[in-house]
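Subject: Handover of a structure and notes on its spaces and backbone

Dear colleague,

I am passing the structure below to you for your files. Please look through it before reading the notes that come after it.

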Amino acid sequence: MKMVSWNITKRCNLYCQHCYRESGPEIDTSEELTTEEGFQLIDDLAEQGFRLLILSGGEPLLRADLDSLIEYATEKGLYPVLGTNALDLTADRVEALKAAGLKGMGISLDSASPEIHDEFRGQEGAWENTVESIKLVREYGIPVQINTTISEQNFFELEGIIELAEELGVRAVHPFFLVPTGRGKEIEEDSLRGKKYQEMIESILDKAEEVEIELKPTCAPQFLPLAKERGFEMRFSRGCLAGVSYCCILPEGEVHICPYLPVAAGNLKEQSFSEIWQNSEVFEDLRDYDKYEGKCDSCKYLGICGGCRARAFYYSDGNYLAGDPWCGVKTNE
């Protein structure tokens, strides 16, 4: 299934430590794509066979035309969901989003502890606010996925986060491994790496075989080869989808490989999305597995893993085709 993340605004009501888009409250939004430009993008996405439209930010709930974008995407046969911190949601707001056609929410929750989450998100009371919003969204029957940024600050909380998710009745927990981009570069030392990175993926897979809710490591594409080795069936076809069946649209219209990789494949104010998706040299590179380098080049799992392109880019000083430095998957036949 093809999917796209569209960061519809850079404005946000939080100032998080790790924000890949360097969002915050005081942001100029004058150059962001207009509603009409958004409709054209949605038309192109539908034409190119995209199905899942992730509307994120910044904080997408701050964009005034959000309901119109959701409604239009639904009319065009897309499956619109939000990536949000879900702060200050009301019953009326949730009801309106559902009426527009919203199919789900990925809600950020980084700890089972209010103190850790609030410090990471830069606002006291954020944890309690978000948890109450999750309960409200579930009351309206909208599926919820908890997105947790995993780092040295909270990796030991995995079981507690999963237990909380089960209590809240969410559909899935997707731990996002910290990638140093945007403000995340300032806390790069908190990234899990090497043996700890590998062990964390294994721990998530261990829990995934025990619980009913879906657990899926994100920005850790080695999860799929590891699941294959243990005979654990998952619904995913590839670890890193960047440029193959996934990309990211920035608020001002740049088309990037993924949210964590600052390489532009084109700009919607200069070309249509269809032209960029079909003809960009960047995307052509990512779809040609013969061009991958380092350990990824000789890996038998390249087709289902791909290595984290964003991490490869950061730790190779700008080569998005380099090997993934934290990979510990054994590739011997």
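The model is predicted, so local features need pLDDT of at least 70 and side-chain atom pairs count only at pLDDT 80 or more, while totals for chains, interfaces and linings use all residues. Residues are numbered from 1 along each chain as its sequence is written, and side-chain values use heavy atoms, with hydrogens and water left out.

Cavities and a pocket

Spaces were found on a 1 Å grid over the protein atoms alone: a cavity is a set of points where a 1.4 Å probe fits but cannot get out, a pocket is an open set with protein on both sides within 12 Å along at least five of seven lines, and lining residues have an atom within 4 Å of a point. Grid points are joined across faces, edges and corners, and a volume is the space filled by probe spheres set on the points.

There are 2 cavities of 30 Å³ or more. The largest cavity has a volume of about 70 Å³. Its lining includes Cys296, Cys299, Cys305 and Cys327, together with Lys295 and Asp324. By class, this lining holds 6 nonpolar, 3 polar and 2 charged residues; Ala, Val, Leu, Ile, Met, Phe, Trp, Tyr, Cys and Pro count as nonpolar, Asp, Glu, Lys and Arg as charged, and the others, Gly among them, as polar.

The second largest cavity contains about 40 Å³. Asp110, Ile116 and Phe120 are among the residues that line it, and the lining comprises 2 nonpolar, 4 polar and 1 charged.

Of its 14 lining residues, Tyr20, Arg21, Glu22, Gly182 and Leu250 lie nearest the centre. The lining divides into 7 nonpolar, 3 polar and 4 charged.

Backbone

Glutamate 22 has a positive phi, near 50°, although it is not glycine. Glutamate 22 sits in the loop between strand E1 (2-7) and helix H1 (35-47); helices (H or I, at least four residues) and strands (E, at least two) are DSSP runs, numbered from the N terminus. Glutamate 22 counts as partly exposed because its relative accessibility is 43% (buried is under 20% relative accessible area, exposed over 50%, partly exposed in between, with a 1.4 Å probe and protein chains only).

Aspartate 317 also has a positive phi, near 60°. Aspartate 317 lies in the segment after helix H12 (309-315) and, at 79% relative accessibility, counts as exposed.

Finally, glycine 57 and glycine 58 are joined by a cis peptide bond with omega of about 15°. Glycine 58 belongs to the loop between strand E2 (50-56) and helix H2 (66-75).

Yours sincerely
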